[in-house]
Amino acid sequence: MSVAIKYLVSCVYLSACNSGQLPVGASVKLSPSEHKVATVVNNPNEPPVCLTDENGSYQDLPILISVTDTSGTPMGNAEVLLYSDYSGNTFTGPDVIQIFADTNGNGVVDADTELVSGIDSDAYKTITDQYNGTAMVFVRMNLTCPYSGSLKAFVGSSVAQAQLEVFLTYAVGTVEPAGKLQ
Ligand SMILES: [Ca+2]
């Protein structure tokens, strides 16, 4: 049996011969690449603290991951590694940014079963769709305190970041303190 035929036969059994074999020059992109949210301070004398319990507020943001080859063609079956700042598995303080995988495909976060950035979570890996070269995750941004962090995606030697920020604004009629709260 020739080498070529052996390769074809093994492909039949493995079904995804190109998975994990990225050509040099694969490129990853995150959309949106930036998201900033204002949180209102009603009493400037009480700096906000991060609330991660049921009293906290949050926003869920879908982020599209796209992988292309050197000619810009969508690349399917590419493995993407995802990390976030201030998550349970990357930070010792309150996990104000959480990554969720919509594993049941209903288009929204199911917090009890879809968290992939918890304190015990391994680094999250996802695979791009074989036809359009994309994948999607949700980030849950806690809105109770200010921070600036990012979601980072790695594919081979390519890195993309989505900047995620919550900043303070002061309610009308309040006097902004002289020092910056952040
Ligand atoms: Ca879901």
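Biologist: What is the mean pLDDT of the protein chain?

Modeller: This is a predicted model, and confidence is therefore given for each residue as a pLDDT from 0 to 100. In the protein chain, 83% of the residues reach 70 or more. The mean pLDDT of the chain is 87.

Biologist: How many helices and strands does the protein chain have?

Modeller: From the N terminus on, the elements run α-β-β-β-β-β-β-β-β-β. The count for the protein chain is accordingly 1 helix and 9 strands.

Biologist: In what order do the strands of the 4-stranded open sheet stand?

Modeller: The edge strands, each pairing on one side only, are E1 (27–31) and E5 (97–100). Strand E3 (residues 58–68) is joined to E1 by 5 bridges, and 9 bridges join E3 to E7. Between E5 and E7 (residues 134–142) there are 4 bridges. With antiparallel pairing, the order is E1-E3-E7-E5.

Biologist: Which residue stands opposite Ile 99 in E7?

Modeller: Strands E5 and E7 run antiparallel. Elsewhere in this sheet, Lys 29 has Ser 66 in E3 as its bridge partner, and Ile 63 is partnered in E7 by Val 137. Opposite Ile 99 stands Val 139.

Biologist: Which strands stand at the edges of the 5-stranded sheet?

Modeller: This open sheet has mixed pairing and the order E2-E9-E8-E4-E6. Its neighbouring strands are turned by 20° against each other on average, direction ignored. Each edge strand has a single partner strand, so one side of it is left without a neighbour in the sheet. The strands at the edges are E2 and E6 (124–127).

Biologist: What is the bridge partner of Ser 150 in E9?

Modeller: Strands E8 and E9 run antiparallel and are joined by 9 bridges. For Ser 150, the partner in E9 is Gln 163.

Biologist: Which residues have the most contacts inside the largest nonpolar core?

Modeller: The largest nonpolar core has 27 residues. At least two residues of this core come from each of E1, E3, E4 (79–84), E5, E7, E8 (147–155) and E9 (158–170). The residues with the most contacts inside the core are Ile 65, Val 80, Val 139, Leu 151 and Ala 153.

Biologist: With which residues is Leu 151 in contact, leaving aside its neighbours within four places in sequence?

Modeller: Leu 151 is one of the residues with the most contacts inside the largest nonpolar core. Its partners beyond those neighbours are Leu 30, Ile 63, Leu 82, Ser 84, Val 139, Gln 161, Ala 162 and Leu 164.

Biologist: Where does Pro 32 lie?

Modeller: The peptide bond that leads from Ser 31 to Pro 32 is cis, with omega near -5°. Pro 32 lies in the loop between E1 and E2 (34–41).

Biologist: Is Asn 77 buried, partly exposed or exposed?

Modeller: Asn 77 is placed in the loop between E3 and E4. Although not a glycine, Asn 77 has a positive phi of about 60°. Because 17 other C-beta atoms lie within 10 Å, Asn 77 is partly exposed.

Biologist: Is Tyr 86 buried or exposed?

Modeller: Tyr 86 lies in the loop between E4 and E5, and has a positive phi of about 55° although it is not a glycine. A residue is buried if 20 or more other C-beta atoms lie within 10 Å of its own. Because Tyr 86 has 22 C-beta neighbours inside 10 Å, it counts as buried.

How values were computed. Residues numbered from 1 in each chain as written. Predicted model: local features only at pLDDT ≥ 70, side-chain atom pairs only at ≥ 80, totals over all residues. Pairing = 2+ DSSP bridges. Core = buried A, V, L, I, M, F, W, Y, C linked by C-beta atoms within 7 Å. Buried ≥ 20, exposed ≤ 12 C-beta atoms within 10 Å, placed from the backbone. Contact = placed C-beta atoms within 7 Å. pLDDT = per-residue confidence, 0-100. Axes fitted to C-alpha atoms, helices over the stretch in contact; angles between N-to-C directions.
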